[in-house]
Amino acid sequence: MIGCSATTMNLLLDTHVLLWATGSPDRLSASVGEMLEHPDNQLVFSAASLWECD
């Protein structure tokens, strides 16, 4: 990963990043894509994101 250590990161995705990651990943920068795809990272999102998408 660019500029990141080899430790596991917990990534809290806001609503727009969650939507882009699932529906339009090309809208994300290469570094964000790498962080989201890194197998050691934990991806989480708020239940409020589901409410915002409703």
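1. Start with H38, which sits in the loop between α2 (30–37) and β2; helices (H or I, at least four residues) and strands (E, at least two) are DSSP runs, numbered from the N terminus. At 23% relative accessibility, H38 counts as partly exposed, because buried means under 20% relative accessible area, exposed over 50%, and partly exposed in between (1.4 Å probe, protein chains only). A polar atom of the H38 side chain lies 3.1 Å from the backbone nitrogen of D40. For polar contacts, the rule is a pair of N or O atoms within 3.5 Å; within protein, one must be able to donate a hydrogen and the other to accept it, and residues adjacent in sequence count only if both atoms are side-chain atoms. H38 and M9 are 29 residues apart in sequence, and their C-alpha atoms are 9.4 Å apart in space.

2. A word on provenance. This is a predicted model, where local features need pLDDT of at least 70 and side-chain atom pairs count only at pLDDT 80 or more, while totals for chains, interfaces and linings use all residues. Residues are numbered from 1 along each chain as its sequence is written, and side-chain values use heavy atoms, with hydrogens and water left out.

3. Buried or exposed? N41 is buried, at a relative accessible area of 9%. Polar atoms of its side chain reach backbone on two residues: the nitrogen of M9 at 3.0 Å and the oxygen of M35 at 2.8 Å.

4. Now the overall layout. The chain has three helices and two strands, and along the sequence they follow the pattern β-α-α-β-α. Of the 54 residues, 19% count as buried. The chain exposes about 4000 Å², with carbon and sulfur atoms supplying 57% of it; accessible areas come from the Shrake-Rupley method with a 1.4 Å probe, and for residues, only the protein chains shown count as cover. Take contacts (heavy atoms within 4.5 Å) between residues at least 6 apart in sequence: 77% of them join residues at least 24 apart.

5. On to the strands. β1 (residues 10–13) and β2 (residues 42–45) run parallel and are joined by four bridges; two strands pair if DSSP finds at least two bridges between them. Across the pair, L13 stands opposite F45 in β2. β1 has a covered face with L11 and L13, and an uncovered one with N10 and L12. In a regular strand the side chains alternate between the two faces of the sheet.

6. Which residues of α1 are buried? They are T15, V17 and L18. They cover an arc of only 165 degrees around the axis, so they fall on the same side of α1; the arc is that of the directions from the helix axis to the C-beta atoms. What covers them includes β1, β2 and α3 (47–53).

7. T15 belongs to helix α1 (residues 15–23) and counts as buried because its relative accessibility is 14%. Its side chain makes a 3.1 Å polar contact with that of S49. Setting aside neighbours within four places in sequence, T15 is in contact with S49, E52 and C53.

8. H16 is also in helix α1, but H16 is partly exposed, with a relative accessible area of 39%. The side chains of H16 and D14 make a polar contact of 3.1 Å. Between H16 and S49 there are 8.7 Å in space, C-alpha to C-alpha, and the two are 33 residues apart in sequence.

9. Last, the core. The largest nonpolar core has six residues: L11, L13, V17, L18, L28 and L36. Here a nonpolar core is a set of buried Ala, Val, Leu, Ile, Met, Phe, Trp, Tyr and Cys residues joined through side-chain atoms within 4.5 Å. β1 and α1 are the elements that give two or more residues to this core. L18, found in helix α1, is buried with a relative accessible area of 15%. Not counting residues up to four places away in sequence, L18 touches L13, F45 and S49. L18 and L43 are 25 residues apart in sequence and 9.6 Å apart in space, C-alpha to C-alpha.
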